[in-house]
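Hi everyone, thanks for letting me go today.

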Amino acid sequence: MNNVFKSISLILLVAMMAFVPLRGFAQAEEAEMQAEETISEEAEAKPEKFDAKSFIFGHTGDSYCYHITEIHEKPICVWLPVIVKSKETGWHCFSSKHVCELKEGETFNHKGSNFYISPINADKYPGKLVEVSSTGELKRPFDISFTKNAFGIILVSIFLLAFFLPAAYKYKKDPMAKPTKYQGLVEWLTYMVLDGIIAPNIPEKKVKKFAPYLLTAFFFIFFANLFGLIPIFPFSANVTGNLSITVVLALMTYFIVNIFGNKHYWKDILWPDVPIFLKAFPLMPIIELISTITKPFALMVRLFANILAGHIVIMVLMALIFIIGGMYGAGMGGVISIVSIFMTIFMTALELLVAYIQAYVFTILSSLFIGMAQHEPEEE
């Protein structure tokens with residue numbers, strides 16, 4: 001009996017020793033599960049991290065729509081037409097709404113082709129419309145879509161025509177009539193550029209020949225810069241902060257300089273007045289030919305870099321509010337917002353000055369290059 005009691009006691013002791021670790025393991029597992037649930041709940045409750053890069057370059061870059069605001073996380077946009085040509089399925093035309101509202105990983109199927117807009121932070125074709133081919137390869141279709149910058153160019157062109165043509169028509173209709181205040185404004189702006197920038201740098205006989213291009217370039221750049229600072233539709237397009245547009249403007253100056261350059265201009269480039277030993281080795285013509293390329297390159301980069309930099313600075317100041325607020329809370333974000341808003345106002349006012357300065361610099365350099373190609377040699 002005594003042995004039976006001892007056996008039962010030993011069994012109970014072993015059972016208790018086995019139960020305690022099992023209970024401990026169960027409690028540990030339960031605590032781990034609760035911790036995981038808490039972490040997942042906190043992750044769900046935690047707001048999405050602010051992507052400063054997408055915010056800045058999404059506003060300074062070109063886009064397929066005008067983003068105005070968001071209501072209940074639903075974007076309010078002005079959708080622009082997408083016009084592309086696929087190598088496999090030909091031409092496509094559809095609203096940008098179909099591709100701008102896609103979620104990550106989704107594509108829009110149109111006539112057998114799958115399209116989507118590559119993210120701003122993508123390694124390949126950032127912010128551009130791309131096509132997924134039948135083999136799964138990512139391709140860039142031939143794209144002539146009506147983008148934000150294209151709309152901005154047309155808007156500036158329409159504004160210039162509407163601003164200058166009525167005054168020109170009134171002068172043509174009755175040249176001797178007393179000018180109105182509107183005509184006086186147009187005349188003052190025109191002669192400010194003509195007499196202050198163009199005429200001093202081009203021979204007098206050639207001013208009328210090149211003035212139409214230089215006047216158009218000045219006012220196009222100036223008003224495109226101004227419209228880019230207005231943050232509401234139909235403005236806000238960063239036209240001259242786009243490299244493709246400054247390339248075209250610089251190429252126009254390049255072709256005018258070199259196509260209409262006189263014999264003296266080309267003689268100085270191809271057969272300059274230098275000692276014979278330098279002409280034997282054509283180092284000077286090579287340098288002069290390179291200089292004809294570097295001049296429009298300077299025009300292109302100067303305009304693009306200054307306008308883009310100003311827009312980026314303004315967007316960075318606005319992004320600081322969300323970055324600091326996300327890191328240190330709403331209180332610190334509120335303090336930073338006051339500083340950022342005042343700095344943004346100051347930078348915007350400075351950009352108004354830059355809008356004129358960049359138009360002035362592009363026009364005066366273009367007139368200098370054109371004038372250098374038109375000057376005749378001085379008679380001894």
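Okay, so here's one to start with: of the 380 residues of the chain, what percentage count as buried? It's 33%. Keep in mind that this is a predicted model.

As for the layout, you can count eleven helices and nine strands. And if you take contacts between residues at least 6 apart in sequence, 59% of them join residues at least 24 apart.

Now the sheet. Three strands make an open sheet in the order S4-S3-S9, and the pairing is antiparallel. Why is one side of S4 and of S9 left without a neighbour in the sheet? Strand S4 (90-95) and strand S9 (142-143) stand at the edges, so each has a single partner strand. Between S3 (residues 81-86) and S4 there are six bridges, and Pro-81 sits opposite Ser-95 in S4.

Next, the inside. The largest nonpolar core has 52 residues, and Ile-198, Phe-219 and Phe-362 touch the most other members. Several helices supply at least two residues each, including H4 (148-173), H5 (181-198) and H11 (330-372). Which helix gives the most? That's H6, with 15 residues.

Let's zoom in on Phe-219. Ignoring neighbours within four places in sequence, Phe-219 contacts Leu-160, Phe-164, Leu-189, Thr-190 and Val-193.

Notes:
Residues numbered from 1 in each chain as written. Predicted model: local features only at pLDDT ≥ 70, side-chain atom pairs only at ≥ 80, totals over all residues. Heavy atoms only, no water. Helix = DSSP H or I, 4+ residues; strand = E, 2+ residues; numbered from the N terminus. Buried < 20%, exposed > 50% of the residue type's maximum accessible area, 1.4 Å probe, protein only. Contact = heavy atoms within 4.5 Å. Pairing = 2+ DSSP bridges. Core = buried A, V, L, I, M, F, W, Y, C linked by side-chain atoms within 4.5 Å.
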